[in-house]
Amino acid sequence: MEKQSNYKELSEDEHIKDKSDFLRGSIEDSLKDPLTGALFPDDVKLIKYHGSYQQYNRDLESERKQKKLEPLYQFMVRVRAAGGVTTPQQWLSLDELSDLHGNGTIKLTTRQSFQFHGILKRNLKPTIQAINETLLSTLATCGDVNRNVMCNPNPYQSHIHEEVYGLAGEISDYFLPKTTAYHEIWLDKEKVAGTPDFEPLYQHNYLPRKFKIAIAVPPNNDIDVFANDLGLIAIEQNNKVLGFNICVGGGLGSTFGVQETYPRLADVIGFSPKEKVFEVAETVIAIQRDYGNRSDRKLSRLKHTIDDRGLEWFVAELQNRLGWNLTKPKNYQFKSNGDEYGWLKGINNKWFYTLFVEHGRVRDENDYQLKNALREIAKIHTGDFRLTGNQNLIIGNIEEGKKQGVEAILELYGVGNHPKLTGLRKSSMACVALNTCGLAFAEAERYLPSLISKLEVIMRNNGLENAEINIRMTGCPNNCARSSLGEIGFVGRAIGRYNMYLGASHNGDRLNTLYKEMLSEENILEELEPIIEAYAQDRLEEEHFGDFVIRKKIVEQTDRPIRVMN
């Protein structure tokens, strides 16, 4: 088997993995070092596999430099929850941890995970231990492995959704790393003498880069299935999952100034019966393990492997390894990639309330006590909490007799889906960006709400306050909030400056196109106002904003549509 033959010089990360003793490194010694709030350099890389990123408070960077102090190092911890479902007791435990060791907030991510920010090194191990005590984990939420598996979290719609949720959990568990390092370092488990670690899939050096899987249930694409390395589109027959259309090669991250990097949507390469989908997923991962670029991490995702060698090569390699062929993709249709808010009754006669959480940040404000409200609901709730792929929260499986109590708490704390929430705001997403993310060039989560407030004035003036236009902002082109799939997308270039992109589809199957670069807020409003006015006056019936700007040639449609193989 050919293996990394094109990459003679391995990246630094590959050498770190190679000598890490299956992700152990010197993490235990790093944690004990009292002279710094940081880890040793190699361990900063390795700790990602354990579910944490080392960061620092960038708001205090200049002040601490003047005082000749090292940066205020702190850690982000990400919690794995396949399909984004947790119990009320788990919610209460995470809420408590956010106050005890974090910055007092909980972040709901765009991949249906929880994130804590502001954790100091001395509190890192107690935090991860406490998360595991709730029967959740941080293992493999970061690093060059398969990440959290996303799926539609709405079981009230059909039995299909519950079946898919179960599958997401099975896939997530199946592709977890098998190393015992995590349990030794964080949970104080002793290594069994004479039993060497072994990674049957990831092998000694794991994957060239992160790998993401998502499962969509048409007609909703609320997890943006085409943005993933491996996407599975559920095909229904007689109210059961018949199998899945297989999508490969999605990934939205890029790097400014490096033309070889780009956002790419996955291609639909065929259909697999349900009982063979594990085999397909494992084989796709193995191909990426063997052929992915281990020299340049900017070019190491599956999308680059496919584009370098050709989609036809990839499909042939996949089918050769499988020993059987995928069949022609089945018909499907996506209508949107957003969430439906408010009360819905499930097929199990229980209630589900989808709550808007602005950019996924669960916190208390003066007149908006979201964290308190959810804590009080968790105390009386007998169902579950479900994270959506759009950073929102479903209070799920509410008994008929509990519904009134949940409503009363939402009203008391002022956090219900108030009708004053506009379509634009409810369709927004933003990454964390500043002040914690070391990659961010500009604000996102802390800034987009105020920009939307200014855009809402323009929307209302044109009778569009209820128009659902997907608007997404990221602080850098790594695209954690999937800004490339926003009908209006912003990518930070510098403090207060953004590239603006227009024209993605409303259902997540078309990328947007660069409109103008390095725009200030004043520039953004000046550019968008006449476009919004034209949309209000000239749109076709039920025409979405992204389709309108393409039809009017305000931007050209992306020259790389999704490919569907026959």
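**Strands, sheets and helix packing in the predicted model**

Strand β16 (residues 384-387) is covered on both of its faces: Asp-384 and Arg-386 are buried on one side, and Phe-385 and Leu-387 are buried on the other. Buried here means under 20% relative accessible area, with exposed set at over 50% and partly exposed in between (1.4 Å probe, protein chains only). Helices (H or I, at least four residues) and strands (E, at least two) are DSSP runs, numbered from the N terminus.

A quick word on what is being looked at. This is a predicted model, so to speak of local features takes a pLDDT of at least 70, and side-chain atom pairs count only at pLDDT 80 or more, while totals for chains, interfaces and linings use all residues. Residues are numbered from 1 along each chain as its sequence is written, and side-chain values use heavy atoms, with hydrogens and water left out. The predictor's confidence in each residue, pLDDT, runs from 0 to 100. The protein chain averages 94 on that scale, and 97% of the residues score at least 70. Residues 1-5 are another matter: pLDDT stays under 50 there, and the model has eleven contacts for this stretch beyond four places in sequence. Contact means heavy atoms within 4.5 Å.

Back to β16, which has pairing partners in β3 and β17. Two strands pair if DSSP finds at least two bridges between them. With strand β3 (residues 85-86), β16 pairs in the antiparallel sense over two bridges, and Thr-86 has Phe-385 as its bridge partner in β16.

Strand β5 (114-119) is another well-covered element: six of its six residues are buried, so the strand is largely enclosed by the rest of the structure. Four bridges join β5 to β2, and these two strands run antiparallel; in this region Val-79 has Phe-114 of β5 as its bridge partner. Strand β4 (residues 106-108) also pairs with β5, antiparallel and over two bridges, with Leu-108 standing opposite Phe-114. The β4-β5 hairpin has five residues between its strands, with Gln-112 at a positive phi near 60°.

β5 turns up again around helix α6 (residues 124-133). The buried residues of this helix are Leu-124, Thr-127, Ile-128, Ala-130, Ile-131 and Asn-132. Their cover includes α2 (27-32), β1 (52-56), β2 (73-79), α5 (88-100), β5 and α8 (181-187). After α6 comes Leu-135, with a positive phi near 75°. Helix α8 holds Glu-184, which counts as buried because its relative accessibility is 15%. Leaving aside residues up to four places away in sequence, Glu-184 touches Arg-24, Glu-28, Lys-189 and Lys-191. Between Glu-184 and Ser-483 there are 299 residues in sequence and 38 Å in space, C-alpha to C-alpha.

Then there is the packing of helices α9 (residues 277-291) and α11 (residues 311-322), whose axes come within 10 Å and cross at roughly 120°. Axes are lines fitted to C-alpha atoms, for helices over the stretch in contact, and angles run from 0 to 180 degrees between N-to-C directions. α9 and α11 are therefore oblique to each other; angles under 35 degrees count as roughly parallel, over 145 as roughly antiparallel, 65 to 115 as roughly perpendicular and the rest as oblique. On the α9 side the contact involves Glu-279, Val-280, Thr-283, Val-284, Ala-286, Ile-287, Arg-289, Asp-290 and Tyr-291, and on the α11 side Trp-313, Phe-314, Glu-317, Leu-318, Arg-321 and Leu-322.

Finally, five strands make up an open sheet of mixed pairing, in the order β18-β19-β20-β21-β22. β18 (428-430) and β22 (513-519) are at the edges with a single partner strand each, so one side of each has no neighbour in the sheet. On average, neighbouring strands of the sheet are turned by 15° against each other, direction ignored. Helix α15 (residues 448-461) packs on the sheet, where it touches β18, β19 (471-474) and β20 (488-494), and its direction makes about 145° with that of β19. Strand β21 (residues 497-502) pairs with β22 in the antiparallel sense over four bridges, and Leu-502 finds its bridge partner in Thr-513 of β22. Helix α16 (residues 521-538) lies across β20, β21 and β22, at about 145° to β22.
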